[in-house]
Amino acid sequence: MRLLDIYAKFQKDISFIEKELERSIDVEHPILREASLHLLKAGGKRIRPVFVLLGAKFGNYDLERVKHVAVPLELIHMASLVHDDVIDDAQTRRGQLTVRSKWDNRIAMYTGDYIFAKALTIVTRLSEPSIHQIMSKALVEMSIGEMEQIRMFFHTEQTVRDYLLRIKRKTALLLAISCQLGAIAAQASEKTAKQLFNFGYNVGMAFQVRDDLLDICGTEKEIGKPPGSDIKQGNITIPVIFALQNPALRPVLLRELERIEASDGQTDVTDFLNMIRASEGVTRAEAMVSHYINKAIRSLEGLPDIQAKRDLINIAHFVGNRSY
């Protein structure tokens, strides 16, 4: 099932959030406005606001309240992408020029800072301390995750545990609190909010592993950027970690990684990618995706059998099988 098919039944509310996103980054400064809108118009799956909306369906659904969580969480994600593209020296994202490529790194960094600030401004319209505490803690963890990724560039001794902790902070946590905060904003029970957090966490872990697989196995048309972008910047992801555990393959992979690092990523990585694709690293990473998707679906057991629950399950399956 395509994501658009899953979203179709609540397209009106998603369109409302999309308009609120655009309104939230409207600013008189011409460059800030243009750069922010450029990022917004590049699109995206909008999984975070959709998770907020679906989480809110388990409580007292009020779109005017819930938007004050849905919009900030997507803005936080957008801001992190702008900063990521500066770190990665990325030219394109989703098939479009990045903010840093269209303008420069300075404009990109301040655009990201502006979007972060707007997110924090909007969420203050909700008075519950728990919402602010959860979101603030997630921002701290995201920053640590990003720093850990940089610290681990080209670090070939990192473990599976190192990787999982990093992607928990970088990706899974924001998806987890999207589900959780939607429920809290709608006054759902604490137990329900916790179950939805667990669902979002496991989907988020699967999402990032799938993302890392696509960077190795996908095409530029599918993923909107050249495959192998991760390894060119030194980001050793789970398929590579698994492949490095093969004693027969490890020496040649280490030589390739040394060559890529020595070139500062400015080299052809086709041979390296082909070795990873042919290794057990890909199949073991695929199994990891399935593991997390199954855990996500089990997290919903006991919740009311409403349409939102079925939609969450469908999105989980999409995340597990996506090719973009």
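A residue counts as buried when its relative accessible area is under 20%. In this predicted model, F199 has a relative accessible area of 0% and is therefore buried. F51 is likewise buried, because its relative accessibility is 0%.

A search of the whole structure finds one aromatic pair, and F51 and F199 form it, with 5.7 Å from centre to centre and 65° between the planes. An angle over 60 degrees counts as edge-to-face, so the F51 and F199 rings, at 65°, are assigned to that class. The pair links distant parts of the chain: F51 belongs to helix α4, which covers residues 47-56, while F199 belongs to helix α10, which covers residues 190-217. The two phenylalanines are 148 residues apart.

Charged side chains over aromatic rings come next. K57 lies over the face of Y61, at 3.9 Å from the ring centre. For R322, the ring in question is that of F207, and R322 lies over its face at 3.9 Å from the ring centre.

Finally, the cysteines were examined. With a disulfide taken as a pair of cysteine sulfur atoms within 2.5 Å, the count comes to zero. As for accessibility, C179 is buried because its relative accessibility is 0%. C217, by contrast, has a relative accessibility of 38% and so counts as partly exposed, a class that lies between the 20% and 50% limits.

Technical notes. Residues numbered from 1 in each chain as written. Predicted model: local features only at pLDDT ≥ 70, side-chain atom pairs only at ≥ 80, totals over all residues. Heavy atoms only, no water. Phe/Tyr/Trp six-rings, centres within 6.5 Å; stacked < 30°, edge-to-face > 60°. Helix = DSSP H or I, 4+ residues; strand = E, 2+ residues; numbered from the N terminus. Buried < 20%, exposed > 50% of the residue type's maximum accessible area, 1.4 Å probe, protein only. Lys NZ or Arg CZ within 6 Å of the ring centre and 35° of its normal.
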